[in-house]
Amino acid sequence: MDDSEDLQINKDLFEALMKKDDAKVLDICAGIPKGPLHTVTIHEDTVLHIATYHKKNDLVLSLLKMVPAEDSHKLTWQNKSGSTILHETGTNNKTVGAAREMLRRAPMLLSVINKNGETALFYAVRHGKTKIFKYLHDEVTRRIQGPDLRIFLQRDDKSTILHLAILSRNYWMAYEIAVRHKELMKRKDEDKMTPLQLLSCRQLELCPTNFFIRMLHSLIDPNVEDTSWMLKPLKRLRKKKFACHWATKLITLLVQNDTSWEKTESRLSKNKEKFHQYGKSSSASQQEDIATAFESAMRLQDTPLMLATKHGCTEIVVEILEQYPQAIEHIDQDGRNILHVAILHRNLEVFDYVVSTEYATERLRGKIDHDANTLLHMVGEEEEYVDADLKGPAYVLQDNIRLFKKVEKLCTTLDRFKLNSRTKTAEQLFYENNNDRPSGTG
């Protein structure tokens with residue numbers, strides 16, 4: 001077969017696959033030497049790769065029948081990314097039957113790793129596909145035991161299938177993995193992030209806020225399998241409730257197995273409380289800057305408690321504090337407690353929740369961070385966030401003024417006069433960053 005003939009065959013095969021013309025695909029494969037193992041793309045995907053990727057279960061089964069038994073070992077062909085036809089089943093839930101036949105013909109497919117260090121099981125988890133995950137996971141745990149199981153659970157970059165399940169937002173899958181492989185709950189990826197830390201970095205938006213939708217939400221069984229009778233809006237709502245149900249269970253489980261909040265900075269700040277700026281030498285200031293630069297280089301990832309507070313994942317914050325109320329005194333590497341972080345990142349849900357615990361508030365309100373910032377300074381130290389661009393500066397200023405007054409009521413009279421490491425009071429800092437004085441604070 002010369003190059004021009006090969007190009008024409010690839011063109012015809014590719015068009016037939018795109019047009020879902022199964023009969024033509026089978027007819028062409030029957031007339032070429034390699035049959036379904038013919039590479040049809042510039043990335044060296046075979047006909048079987050493409051058919052599997054396009055969820056053509058029946059076509060894949062027919063193509064597999066065309067491969068002689070003595071050529072079954074050739075089914076392990078890897079494309080330029082190192083992926084086999086079994087990897088391609090991990091991109092969808094409709095080729096489980098084809099995956100079963102592939103493993104019957106070529107059991108070694110289960111252990112083949114692509115160039116990302118992923119087996120087909122890992123690939124299925126990365127794509128968040130539940131049915132193929134169930135099948136491949138059952139096959140792996142049935143066939144593989146002991147140390148050999150590691151390649152199915154963790155990549156070379158230290159990411160585990162639990163990390164990937166969380167990133168794919170398949171919370172049922174993540175919960176199943178955490179229960180079946182408990183050791184993965186404390187594993188860290190190459191960025192030193194545990195699964196709970198990853199989960200803490202996004203808003204989950206578990207429950208609807210609209211009253212009518214909440215009523216419907218309460219009536220739907222999230223675990224019902226036959227959804228054929230449901231209208232599309234109800235299907236979407238069921239899917240969301242299913243995710244909510246399993247995310248809640250996952251949070252509870254991961255929090256039970258995490259005590260990272262015990263590793264805390266001292267309650268004593270690295271800066272002394274100051275009420276004036278006299279007597280400080282420039283050399284002392286330079287030494288502080290050098291120390292700060294060194295500490296930044298040695299910085300570790302924040303704990304789930306602080307990450308969830310920063311990223312608005314209130315459900316995780318509440319779960320941690322309900323299971324471990326003593327965690328409320330955790331202090332991060334910047335010397336900040338949960339109220340500092342909640343104010344800085346404008347997480348008013350967490351702020352209100354913590355303030356509602358009177359004892360905790362008394363313990364937390366007077367703390368200054370390593371830059372000598374009080375809680376009130378945090379109102380002026382606001383982190384940049386998307387809502388500020390959407391609301392406009394006038395609305396943001398109004399929100400900040402309201403927050404300043406709210407935090408001011410919580411703080412002591414002395415907190416208003418404390419200077420941070422830049423010799424600014426909270427009110428001066430607010431004025432600098434908002435170009436206006438909060439009314440009623442002067």
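Mentor: Start with helix 4, residues 57-65, in this predicted model. Its buried residues are N57, L59, V60, L63 and L64. Seen down the axis of helix 4, these buried residues fall within an arc of 160 degrees, so they line one face of the helix. Now turn to the face pointing away from that buried side. There sit the exposed residues D58 and K65.

What do the buried residues of helix 4 pack against? Helix 1 (3-18), helix 2 (22-30) and helix 3 (47-53) are partners. Helix 5 (85-89) and helix 6 (96-105) are partners too.

Next, the nonpolar core. In soluble globular proteins, nonpolar side chains tend to be buried together. Here the largest nonpolar core has 107 residues. L136 and I338 have the most contacts inside this core. Take L136.

Aromatic rings come next. The whole structure has 4 aromatic pairs. One of them joins W261 and Y324. This pair is tilted, at 5.2 Å centre to centre and 40 degrees between the planes. W261 lies in the loop between helix 14 (232-256) and helix 15 (282-297), and Y324 in the loop between helix 17 (314-323) and helix 18 (338-344), so the pair ties together parts 63 residues apart in sequence. Both W261 and Y324 are buried.

Compare F404 and F430. Their ring centres are 5.1 Å apart and their planes meet at 70 degrees, so the pair is edge-to-face. F404 belongs to helix 23 (residues 393-410) and F430 to helix 24 (residues 426-434). The pair links distant parts of the chain, 26 residues apart. F404 and F430 are both buried.

Charged side chains also lie over rings. R100 is over the face of Y135, at 4.9 Å from the ring centre. K134 is over the face of W172, at 5.0 Å from the ring centre.

Last, the cysteines. How many disulfides does the structure hold? It holds 0. Look at C201. A disulfide needs the two sulfur atoms within 2.5 Å. C201 is partly exposed, with a relative accessible area of 29%. C244 counts as buried, because its relative accessibility is 10% and the cut-off for buried is under 20%.

Conventions:
Residues numbered from 1 in each chain as written. Predicted model: local features only at pLDDT ≥ 70, side-chain atom pairs only at ≥ 80, totals over all residues. Heavy atoms only, no water. Core = buried A, V, L, I, M, F, W, Y, C linked by side-chain atoms within 4.5 Å. Buried < 20%, exposed > 50% of the residue type's maximum accessible area, 1.4 Å probe, protein only. Helix = DSSP H or I, 4+ residues; strand = E, 2+ residues; numbered from the N terminus. Arc of directions from axis to C-beta. Contact = heavy atoms within 4.5 Å. Phe/Tyr/Trp six-rings, centres within 6.5 Å; stacked < 30°, edge-to-face > 60°. Lys NZ or Arg CZ within 6 Å of the ring centre and 35° of its normal.
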